[in-house]
Amino acid sequence: MKRLALFALCATVCQIAFAQDSGKTLVNELVTHWETSKTLSLAVAEAMPDDSYSFKATDPEMSFGGQMNHIAAANGNYCSAAIGTTNPIGKPADETKATAIKNLTTAYDYCIHGLKEMTDADLQKSVKRGTKFELFWGGFTHAAHHRGQE
C-alpha cells in the first residue's frame, strides 16, 4: 500500500514538473488559439476576391468586407478591455480587401502581443466586463462565430 501511495505521489510530481517544463500555461494555450484564429481569419479574407468584398447574402446583413472589419474591431474591443489600452482599430475608411486584411492583422497582433505580456494570474483579474480571461475567450469565440457566417 505504501508503494502504491509513493508511486502515485511520484507520478503526480512528475506530471506537475513536466507541465511546467513544457511551458503549458493558460496564457500559452490562449496565444496558440488566437494565432490559429488569425491564420483562419486571414485565409478567409484572402480567399474572397477584391470585387466581392461588397457581397451581402441578404440586404440586412453586413457585407463581406463589413464582416471582416467587424471581426477586427470587436477583437480590438475585447482585447483592449482586458489589456487596458486603447483599441487600435477605429472605424474603417472603407470595406476593401486591403483595409480588412490590414485591420485583421493589426487587431490579431494587438491581442496576441497583449496576451503574451500576461501571466495566468493576470487572466484571473477582474476588469469592468468580467475577468481578463473571459474577455480574451469572448473575443476568440466572437471571431469564430462571425467567420463562420461567411
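Before anything else, a word on terms: when I say contact, I mean heavy atoms within 4.5 Å. Helices (H or I, at least four residues) and strands (E, at least two) are DSSP runs, numbered from the N terminus. Also, what you see is a predicted model, where local features need pLDDT of at least 70 and side-chain atom pairs count only at pLDDT 80 or more, while totals for chains, interfaces and linings use all residues. Residues are numbered from 1 along each chain as its sequence is written, and side-chain values use heavy atoms, with hydrogens and water left out.

So, the overall picture. We have 6 helices and 2 strands, and going from the N terminus the order is α-α-α-α-α-β-β-α. The chain has 150 residues, and 37% of them count as buried; buried is under 20% relative accessible area, exposed over 50%, partly exposed in between, with a 1.4 Å probe and protein chains only. If you take contacts between residues at least 6 apart in sequence, 71% of them join residues at least 24 apart.

H2 covers 26–47, and H4 is residues 97–116. Their axes sit 10 Å apart, at an angle of about 175 degrees. Axes here are lines fitted to C-alpha atoms, for helices over the stretch in contact, and angles run from 0 to 180 degrees between N-to-C directions. Under 35 degrees counts as roughly parallel, over 145 as roughly antiparallel, 65 to 115 as roughly perpendicular and the rest as oblique, so H2 and H4 come out roughly antiparallel. Who takes part? On the H2 side, residues including Leu30, Trp34 and Leu42, and on the H4 side, among them Ile101, Leu104 and Ile112. Sorted by class, the H2–H4 contact has 12 nonpolar, 3 polar and 6 charged residues. For the classes, Ala, Val, Leu, Ile, Met, Phe, Trp, Tyr, Cys and Pro are nonpolar, Asp, Glu, Lys and Arg are charged, and the others, Gly among them, are polar.

Next pair: H3 with H6. H3 runs 64–83 and H6 is 132–149. Again we get about 175 degrees, with the axes 8 Å apart, which means H3 is roughly antiparallel to H6. This contact has 10 nonpolar, 8 polar and 2 charged residues. Leu135 belongs to H6 and is one of the residues that meet H3. Is Leu135 buried or exposed? Buried, because its relative accessibility is 3%. Its C-alpha is 9.5 Å from that of Asn75, 60 residues away along the chain. Beyond four places in sequence, Leu135 touches Tyr78, Ala81, Ala82, Val127 and Arg129.

Last, two polar side chains. Asn69 lies in H3 and is buried because its relative accessibility is 5%. What does the Asn69 side chain pair with? That would be the side chain of Asn103, in a polar contact of 2.8 Å. A polar contact is a pair of N or O atoms within 3.5 Å; within protein, one must be able to donate a hydrogen and the other to accept it, and residues adjacent in sequence count only if both atoms are side-chain atoms.

Ser63 sits in the loop between H2 and H3, and at 4% it's buried too. Its side chain makes a polar contact of 2.4 Å with the side chain of Glu95. Glu95 is also on the contact list of Asn69. That's my tour.
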